[in-house]
Amino acid sequence: PSLIRARLSASIGPPVAMAAQAVMDQFTSFVEENIRFSQEDFAILGLNMVMCVFVYYFMRLLRLPDHSWYLTLYSSGVTSFFGVYFFYHLVKDGFTAALSNEQDITRYLAIFFIGYCIMDLSMGTLHYGSLVTYDDGWTHHFLYIVILAYLLHNNMTPLFAVALVEELPIILLSIFEVQDKRRPSLLFGVLYYITRVVFHTVLIYKAYPMSRFVFVGGLGLLLWHVEVFQGWVRGYLMR
């Protein structure tokens, strides 16, 4: 943590770094007071963090051009697979049944994604720091970590498991990005709009009665999704 704080301070400036450090300290305090990981939880977290290191360096051996997308490809591949599975059960059983049925696997998926966020920031700091921006990197990942910590604390991880279907456009994008190829623009845009704008809107609406905190956090992510989609629309129209 101290190394990350030092690198963060050097890269984004003292005022922002101090604010980021304060958030990190508050989050650490929250986790220590409220999150109790079992041995299995720690095993999942540690195993995934080790796996992230292995995947990153293995893909570097394959000489795939864009290093910054290695871990995103790995994470989105795993999470989108489970996202489709839980989305199927959402359609089959309905929102109430799907969102109220916490299982070990939904908890493990949340811990898995926390591990990915930590390692993407860590490996990014070491190897592709200029591409880990304050908005799309640090803020985005820490927001996810805070939301997931809250879901773990309140046994609400099915919300995250269902939302993983939103990773479908990301795995598609990652496949092209790691090869430094032109993005699959139309298919990506359609998938992104359906999953990360339309479905995400419905999901946070359903989450509102369950948790105002999750609704606000989900709304923040929705605004970011809309901004990304607007950027895609502008880029597609200018082609």
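Me: Among contacts in the protein chain between residues at least 6 apart in sequence, what percentage join residues at least 24 apart?

Reply: This is a predicted model, in which local features need pLDDT of at least 70 and side-chain atom pairs count only at pLDDT 80 or more, while totals for chains, interfaces and linings use all residues. Residues are numbered from 1 along each chain as its sequence is written, and side-chain values use heavy atoms, with hydrogens and water left out. A contact means heavy atoms within 4.5 Å. For pairs at least 6 apart in the protein chain, the part of the contacts that joins residues at least 24 apart is 76%.

Me: How many helices does the protein chain have?

Reply: Helices (H or I, at least four residues) and strands (E, at least two) are DSSP runs numbered from the N terminus. Along the sequence the chain reads α-α-α-α-α-α-α-α-α-α-α. The count of strands is 0, and that of helices is 11.

Me: Is Ser75 buried or exposed?

Reply: Ser75 is found in helix H4, residues 70–93. Beyond its neighbours within four places in sequence, it is in contact with Phe112, Phe113 and Tyr116. Buried means under 20% relative accessible area, exposed over 50% and partly exposed in between, with a 1.4 Å probe and protein chains only. Ser75 has a relative accessible area of 1%, so it counts as buried.

Me: How does H4 run relative to H6, roughly parallel or roughly antiparallel?

Reply: Axes are lines fitted to C-alpha atoms, for helices over the stretch in contact, and angles run from 0 to 180 degrees between N-to-C directions. The axes of H4 and helix H6 (residues 104–127) come within 10 Å and cross at roughly 165°. Angles under 35 degrees count as roughly parallel, over 145 as roughly antiparallel, 65 to 115 as roughly perpendicular and the rest as oblique. H4 is therefore, relative to H6, roughly antiparallel.

Me: How many residues of the contact of H4 with H6 are charged?

Reply: The H4 side of the contact includes Ser75, Val78 and Phe82, and the H6 side includes Phe112, Phe113, Tyr116 and Asp120. Ala, Val, Leu, Ile, Met, Phe, Trp, Tyr, Cys and Pro count as nonpolar, Asp, Glu, Lys and Arg as charged, and the others, Gly among them, as polar. The residues of this contact comprise 12 nonpolar and 4 polar, and the number that are charged is 1.

Me: Which helices are included in what covers the buried residues of H3?

Reply: Helix H3 covers residues 39–61. Its buried residues are Asp41, Leu45, Asn48, Cys52, Val55, Tyr56 and Met59. Leu47, also in H3, is exposed at 58%. The cover over the buried residues of H3 includes H4 and H6.

Me: What separates the C-alpha atoms of Leu47 and Gly115, in Å?

Reply: Leu47 is found in helix H3. Along the chain, Leu47 and Gly115 are 68 residues apart. Their C-alpha atoms are separated by 8.8 Å.

Me: What value does the phi of Arg63 take?

Reply: Most residues other than glycine have a negative phi. Arg63 lies in the loop between H3 and H4 and counts as exposed at 74% relative accessibility. Although Arg63 is not a glycine, its phi is positive, at about 60°.

Me: Which helices do the buried residues of H9 pack against?

Reply: In helix H9 (residues 168–177), the buried residues are Pro169, Ile170, Leu172, Leu173, Ser174 and Glu177. They pack against H4 and helix H10.

Notes
Expected span 1.5 Å × (residues − 1).
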